[in-house]
Amino acid sequence: MKSIRQIRIDGHLVGMVGLDEALQELAGSLRGQPRDTIEQVLLDRLATDNYIPSSARKAYGKALYREWQRFVGEPVADEPMEAPSIVVVGPGCAQCDALQKTVMEILSAENLAVSVDHVRDPMAIAEMGILGVPALVVKGRVVFSGRVPLRAELKRRVLQALKDA
């Protein structure tokens, strides 16, 4: 089974199937190649398992090149986030889905443009180091885990975390 890893493409987290395997397989043969070649080879290789919209190929190529640079140990600057992000972490149970819905309602009521993702994959959750689900991560910081606070407390914590981070 191929790995799934999220990477940032144009400010949005996108799951890529087989990225780690492609990097391991191609890193040696791509050393010394021009950036355009590396981007094209990675795009072609990953397009077999991932949908890459033709209108976004340039952005995907840039992001894949950045991941290749990290993999081979070259210095690389992270892509700046266009908007704050919130990640609901949990297996997709009723409690996790309700948390996601409530967070989106809070953001809508506050008229805030924030990306909301839901990580359900147990391996991805383990890689994040989160022990208790459901959990909420705002701008990369765990706001709570193991329980869902009441709506008023949830709203307070989300708004504070968006303001602080």
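**Exercise 1. Determine what share of the 165 residues in the chain is buried, and describe the chain as a whole.**

Solution.
Step 1. Buried residues account for 40% of the 165 residues in the chain; buried means under 20% relative accessible area, exposed over 50%, and partly exposed in between, with a 1.4 Å probe and protein chains only.
Step 2. The model is predicted: local features need pLDDT of at least 70, side-chain atom pairs count only at pLDDT 80 or more, and totals for chains, interfaces and linings use all residues. Residues are numbered from 1 along each chain as its sequence is written, and side-chain values use heavy atoms, with hydrogens and water left out.
Step 3. The secondary structure comes to six helices and six strands. Helices (H or I, at least four residues) and strands (E, at least two) are DSSP runs, numbered from the N terminus.
Step 4. Along the sequence, these elements follow the pattern β-β-α-α-α-β-α-β-α-β-β-α.
Step 5. The C-alpha atoms fill a box of roughly 55 × 30 × 30 Å, taken along the principal axes.
Step 6. Of the contacts between residues at least 6 apart in sequence, 54% join residues at least 24 apart; contact means heavy atoms within 4.5 Å.

**Exercise 2. Describe how strand 1 and strand 2 are joined.**

Solution.
Step 1. Strand 1 (residues 4–9) and strand 2 (residues 12–17) run antiparallel and are joined by six bridges. Two strands pair if DSSP finds at least two bridges between them.
Step 2. Opposite Ile9 stands His12 of strand 2.
Step 3. The two strands form a hairpin with two residues between them, and Asp10 in the turn has a positive phi of about 50 degrees.

**Exercise 3. Describe the contact of helix 1 with helix 2.**

Solution.
Step 1. The axes of helix 1 (residues 19–30) and helix 2 (residues 35–46) come within 11 Å and cross at roughly 145 degrees. Axes are lines fitted to C-alpha atoms, for helices over the stretch in contact, and angles run from 0 to 180 degrees between N-to-C directions.
Step 2. On the helix 1 side, the contact includes Leu19, Leu23 and Leu30; on the helix 2 side, it includes Ile38, Val41 and Leu46.
Step 3. By class, the residues of this contact divide into nine nonpolar, no polar and three charged. Ala, Val, Leu, Ile, Met, Phe, Trp, Tyr, Cys and Pro count as nonpolar, Asp, Glu, Lys and Arg as charged, and the others, Gly among them, as polar.

**Exercise 4. State the strand order of the open sheet of four strands, and locate Ser85.**

Solution.
Step 1. The order is 4-3-5-6, with mixed pairing.
Step 2. Strand 4 (115–119) and strand 6 (141–145) are the edge strands, each pairing on one side only.
Step 3. Neighbouring strands are turned by 20 degrees against each other on average, direction ignored.
Step 4. Strand 5 (residues 135–138) runs antiparallel to strand 6, with four bridges between them; Val138 has Arg141 as its bridge partner in strand 6.
Step 5. Ser85 belongs to strand 3 and is buried, with a relative accessible area of 8%. Apart from neighbours within four places in sequence, Ser85 is in contact with Val114, Ser115, Val137, Val138 and Lys139.

**Exercise 5. Describe how helix 6 and helix 4 are placed.**

Solution.
Step 1. Helix 6 (residues 151–164) lies across strand 3, strand 5 and strand 6, at about 170 degrees to strand 6.
Step 2. The axes of helix 4 and helix 6 come within 10 Å and cross at roughly 65 degrees.
Step 3. Among the residues in this contact are Leu99, Val103 and Ile106 of helix 4, together with Leu154, Val158 and Leu162 of helix 6.
Step 4. Seven nonpolar, one polar and three charged residues make up the contact of helix 4 with helix 6.
Step 5. Leu112 lies in the loop between helix 4 and strand 4 and is partly exposed, with a relative accessible area of 37%. Leu112 is 47 residues from Leu159 in sequence and 9.7 Å from Leu159 in space, C-alpha to C-alpha.
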